[in-house]
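I opened my notebook beside the viewer and jotted down what I looked up, one entry per topic.

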Amino acid sequence: MTILATVLPIFRVNASAVSTSAASAVLIEAETGTVLYEKNADEQRAMASTTKIMTAILTIEAGDLDSEFTVDSMAIMVEGTSMGLKEGDRVSRRDLLYGILLPSGNDAANAAAVSVSGSISAFVKLMNDKAAELGLVNTHFATPSGLDAQGHYTTARELAMLTAYAMRNEVFCEIVKCRSAEVEFGDPPYKRTLYNSNKMLQRYEGAIGVKTGFTDNARRCLVSAAERDGVTLIAVTLNAGDDWNDHTKMLDYGFTKVSAYPLETGCSAKVSVAGTGQTVGVYADTVTMALTPEQRTKLERRVLLPRMVYNDVLKGDRLGSIEFLLDGKVVRSVPLYADEDVSADNGELSVWQRILSVFGIYA
């Protein structure tokens, strides 16, 4: 199953507000982006170390996570929280990710930035390019760490959107749910344990991440995610006085508004197999989707299948998909697979049809 859109579609639930201490806040369902609660969600604000969500996902997407390298000595000379890097230390990007996301190491963020882009300034450009790619029009980065700087801001809504994107990455998800992790770095490298500053992992049932933040300008910032019964919610607060309790209330509220419903994935359509006079049926896996009761009644579906295939078909080959839509926007795509083997007789195909079949184009 896949989600086709890079940027989440935005749907809003008309529901009573939750009382929070935050200057800005938002609560969304992670897959559809449905907004379950918002408060000044589009006001630009400093976001402190929640910035590191972007730093981490770009580091992951750069790849080569397990090769060790020597950290840049200037990059790690930074104030604030640290994973403990020193000049001459050798470390992998993977272990830097734990340093970025658990103890919120500013040294780790800078070291990763230089490793990925060659310089902090080049990495900041990469951050802003990625923000533009994700449609984050009210977000701008000036540092990889989130330390206060001119022109460094986001909104609660766009930070939630960024987090939803990051949470689709298995490496990111695996790290942010860890209460602690054993990593290895130093000169020479040796093992030590890092601890997660996100207390929601201990305080809230079903919590699976994601990131804390604090600076004098931004004040307390928090992004949390929790999963229950097939529903994943993302909560964001910026400049909050009581963020742990704010997130508990927001998440509790959200889980009363959204449930995981089974999707209609049955399909009786058949696809012709060229030159055989035969057809092949299709099937889809059983899946659920988190929706409000109102969204469930509005969900539409459309089946996408070719009229004919020109190559041998093996059971389990993907032939098409079922798309599920809300307000005309695709929110889930479920693959359709062949339910049996069928051999095509390519000898009866025209030259043009053979060419098309090589590229998976159906005519």
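**Entry 1: a hairpin.** I began with β5 and β6, which form a hairpin with 2 residues between them. Helices (H or I, at least four residues) and strands (E, at least two) are DSSP runs here, numbered from the N terminus. The two strands pair in the antiparallel sense over 7 bridges; two strands pair if DSSP finds at least two bridges between them. I found S180 opposite Y195 in β6.

**Entry 2: ground rules.** I noted that this is a predicted model, where local features need pLDDT of at least 70 and side-chain atom pairs count only at pLDDT 80 or more, while totals for chains, interfaces and linings use all residues. Residues are numbered from 1 along each chain as its sequence is written, and side-chain values use heavy atoms, with hydrogens and water left out.

**Entry 3: the sheet of 5 strands.** I traced an open sheet in the order β2-β1-β9-β8-β7, with antiparallel pairing. Which strands stand at its edges? They are β2 (35-39) and β7, and each has a single partner strand, so one side of each is left without a neighbour in the sheet. The twist averages 5° from one strand to the next; axes are lines fitted to C-alpha atoms, for helices over the stretch in contact, and angles run from 0 to 180 degrees between N-to-C directions. Helix α8 (residues 243-257) packs on this sheet and touches β1, β2, β7, β8 (219-228) and β9, contact meaning heavy atoms within 4.5 Å. The direction of α8 makes about 30° with that of β8.

Inside the sheet, strand β1 (residues 24-29) runs antiparallel to strand β9 (residues 231-238), and 6 bridges join them. A25 stands opposite T237 in β9. I also checked strand β7 (residues 207-215), where V210 is found: the peptide bond from G209 to V210 is cis, with omega near 10°.

**Entry 4: the sheet of 6 strands.** This open sheet has mixed pairing and the order β14-β16-β17-β12-β11-β15. Its edges are β14 (300-304) and β15 (308-309), each with a single partner strand, so one side of each is left without a neighbour in the sheet. Strands β11 (residues 270-273) and β12 (residues 278-283) pair in the antiparallel sense over 4 bridges, with V271 opposite V280 in β12.

**Entry 5: helices.** At what angle do the axes of α3 and α4 cross? I read roughly 85°, and the axes of α3 and helix α4 (residues 120-133) come within 8 Å. The two helices are therefore roughly perpendicular to each other (65 to 115 degrees; under 35 is roughly parallel, over 145 roughly antiparallel and the rest oblique). N110, A113, V114, V116 and S117 in α3 meet I120, A122, F123 and L126 in α4. By class, this contact has 7 nonpolar, 2 polar and no charged residues (Ala, Val, Leu, Ile, Met, Phe, Trp, Tyr, Cys and Pro are nonpolar, Asp, Glu, Lys and Arg charged, and the others, Gly among them, polar).

I then turned to helix α5 (residues 156-166), where 11 of its 11 residues are buried. Buried means under 20% relative accessible area, exposed over 50%, and partly exposed in between (1.4 Å probe, protein chains only). R157 and E158 are among the buried residues of α5.

**Entry 6: salt bridges.** I got a count of 14 salt bridges, each a side-chain nitrogen of Lys or Arg within 4 Å of a carboxyl oxygen of Asp or Glu. E31 forms one with R332, the closest N and O atoms being 2.3 Å apart. E31 lies in the loop between β1 and β2 and R332 in strand β17 (residues 329-338), so the pair ties together parts that are 301 residues apart in sequence. E31 is buried at 14%, and R332 is buried at 4% relative accessibility.

E294 and K298 also meet in a salt bridge (3.0 Å, N to O). They are 4 residues apart in helix α9 (residues 293-298), separated by about one helical turn. Finally, E38, D42 and R157 are linked in a network of salt bridges.
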